[in-house]
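Keep the picture open while you read.

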Amino acid sequence: MGNLLEHMGVEKDRIHFSWISSAEATKFVDVVKEISDKVRALGPNTKLKKIYS
Amino acid sequence: MDTYTKKIREIAKDLLASQKVDRVIGFEMGTIPMAARPVSIESENDAEKLVFNSLCAMNLANYIRKPKGTIAVIAKGCDSRNMVNHVVEHQVDRENLVIIGVPCHGMVDKSQLALEVEGEITAYDEEGQTLKITTAQGELTFEKQDFLKDNCRLCQHRNPVIHDYMAGDPVTEQELEDPFADVNEIEAMSQEAKSTLFEDLTKNCIRCYACRNACPLCFCPTCFVDESSPQWVGKSQNKTDVDTFHFLRAFHCAGRCTDCGACVEACPMDIDVRKFTRKLIKDSYEMFGWEAGLDISKRPPLDTFNPADPDDFIM
Amino acid sequence: MSENNVKIVSFLCNWCSYGAADLAGVSRLEYPADIRVIRIPCSGRMSPKFILSALREGADAVWVSG
């Protein structure tokens with residue numbers, strides 16, 4: 001999925017997949033921080049967002 | 001390819017006369033020059049309608065799902081792979097299907113040929129590897145090799161994978177140095193360049209869904225574009241909606257697409273829809289070593305679990 | 001939208017990551033408020049059209065977690 005989106009010119013970091021067990025609250029927090037940082041670095045989504053006109 | 005036509009007619013006549021099949025699905029010449037269209041015949045007298053030439057680029061696997069009775073169908077290499085797909089995906093029983101295999105020399109890219117000649121094409125004929133085009137200016141001849149469709153140039157399975165009858169001797173398969181050169185080229189581009197490329201690619205799309213209707217893989221009872229609650233994709237020609245449609249349609253073909261080129265053939269706006277599916281063909285080959293429709297006894301990779309499946313995209 | 005305020009649509013499996021999110025809340029752990037959680041009954045409920053739909057409706061990123 002991510003591969004084809006990247007192929008189409010959408011930044012890879014806009015899609016994330018992860019695997020967290022229900023006992024891993026700290027991992028959850030780490031992953032949220034990581035993703036949040038990456039997406040902030042990318043800025044707002046412009047590629048696939050629908051602009052109603 | 002006249003020998004093919006002759007042989008196909010013979011086999012079809014024989015099958016219908018002996019009532020081994022209820023109908024034969026093949027091609028007949030259309031009402032305008034340079035067009036072959038699918039036809040279903042039920043009587044042996046109609047067998048003379050059947051033809052096979054370099055214009056038969058549509059995929060007849062599209063017409064064999066859930067058949068009433070037994071059907072015979074004409075299959076090029078790529079079509080036969082789609083028929084394997086259909087059997088694997090339980091769309092048709094192998095027992096109800098008689099496959100008349102045709103070793104394929106590639107199909108002609110009509111729009112490319114139309115660019116080459118001035119004015120309207122009034123007649124078309126082919127002899128071996130030579131194409132004869134008649135226009136108002138007179139008769140012109142072309143080498144078929146120069147006007148092959150893009151997917152036929154990259155085809156590595158010209159001979160039918162499964163067949164009950166063969167309409168000719170197998171042809172030699174093409175040896176390609178790099179079957180995914182076109183995909184690699186796009187992959188090497190910058191993200192902005194890719195974005196522009198696909199923007200240009202889909203900007204002419206009129207959302208007629210001809211690519212979907214021509215594709216043998218698209219057999220969902222309700223397609224996601226027709227669903228209205230929730231509505232996954234808008235019906236307008238808005239750029240996002242068009243991209244979403246093409247992306248999702250391609251993704252539904254992941255690990256199943258045989259690169260038959262029916263989508264491109266059907267497109268009235270000459271959009272190279274294969275730019276999307278080619279990437280998925282490459283990925284499924286590199287990640288799972290899988291080429292669609294080659295083995296009737298194997299389940300597709302997105303259908304099965306293997307501990308060795310790639311999972312490095314998971315954080 | 002400013003760069004400091006992104007929207008990440010998160011599809012969390014009820015039994016795995018949603019449980020982890022719950023535990024993180026109970027444990028009073030702090031994490032960025034950029035995620036919008038959608039609980040799905042299982043990661044198997046996930047579909048590519050959810051991702052595209054989210055992006056289309058204005059999400060800046062999508063996170064799928066099992």
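Helices here are DSSP runs of H or I with at least four residues, strands are runs of E with at least two, and both are numbered from the N terminus. This is a predicted model, in which local features need pLDDT of at least 70 and side-chain atom pairs count only at pLDDT 80 or more, while totals for chains, interfaces and linings use all residues. Residues are numbered from 1 along each chain as its sequence is written, chains are lettered from A and ligands numbered from 1 in the order in which they are written, and side-chain values use heavy atoms, with hydrogens and water left out.

Is Ser80(B) buried or exposed? Its relative accessible area is 0%, so Ser80(B) is buried. The word buried means under 20% relative accessible area, exposed means over 50%, and partly exposed is in between, using a 1.4 Å probe and protein chains only. Leaving aside residues up to four places away in sequence, Ser80(B) touches Ala75(B), Pro160(B), Val161(B) and Ile162(B). Touching, or contact, means heavy atoms within 4.5 Å.

Now step back to the whole of chain B. Its secondary structure consists of 10 helices and 8 strands. Chain B has a radius of gyration of 20 Å, close to the 20 Å that the globule rule gives for 315 residues, so it is as compact as a globular protein of that length. That radius is taken over C-alpha atoms, and the rule is 2.2 Å times the number of residues to the power 0.38. Along the principal axes, the C-alpha trace of chain B spans about 60 × 50 × 45 Å. Of the 315 residues in chain B, 50% count as buried. If you take the contacts in chain B between residues at least 6 apart in sequence, 65% of them join residues at least 24 apart.

Some loops of chain B deserve a visit. Tyr209(B) is in the loop between helix H6 (191-202) and H7, and its phi is near 65 degrees, a positive value in a residue other than glycine. With a relative accessible area of 13%, Tyr209(B) is buried. Follow the chain to the loop between helix H7 (210-214) and helix H8 (239-252), where you will find Pro230(B). A cis peptide bond joins Ser229(B) to Pro230(B), with omega about -5 degrees. In the loop between H8 and helix H9 (262-266) lies Asp259(B), a non-glycine residue with a positive phi near 60 degrees. Asp259(B) counts as buried at 11% relative accessibility.

Next comes chain A, which has 2 helices and 1 strand. Along the sequence they follow the pattern α-β-α. The radius of gyration of chain A is 14 Å, well over the 10 Å that the globule rule gives for 53 residues, so this chain is more spread out than a compact globule. The C-alpha atoms of chain A fill a box of roughly 45 × 20 × 20 Å along the principal axes.

Finally, look at where chains C and A meet. Here 35 residues of chain C are in contact with 32 residues of chain A. Together the two chains bury about 2800 Å², with 67% of it on carbon and sulfur atoms. This buried area is the accessible area (1.4 Å probe) that two parts lose on being put together, summed over both. Within chain C, Leu55(C), Arg56(C) and Trp63(C) lose the most area to chain A, together 20% of what that side buries.
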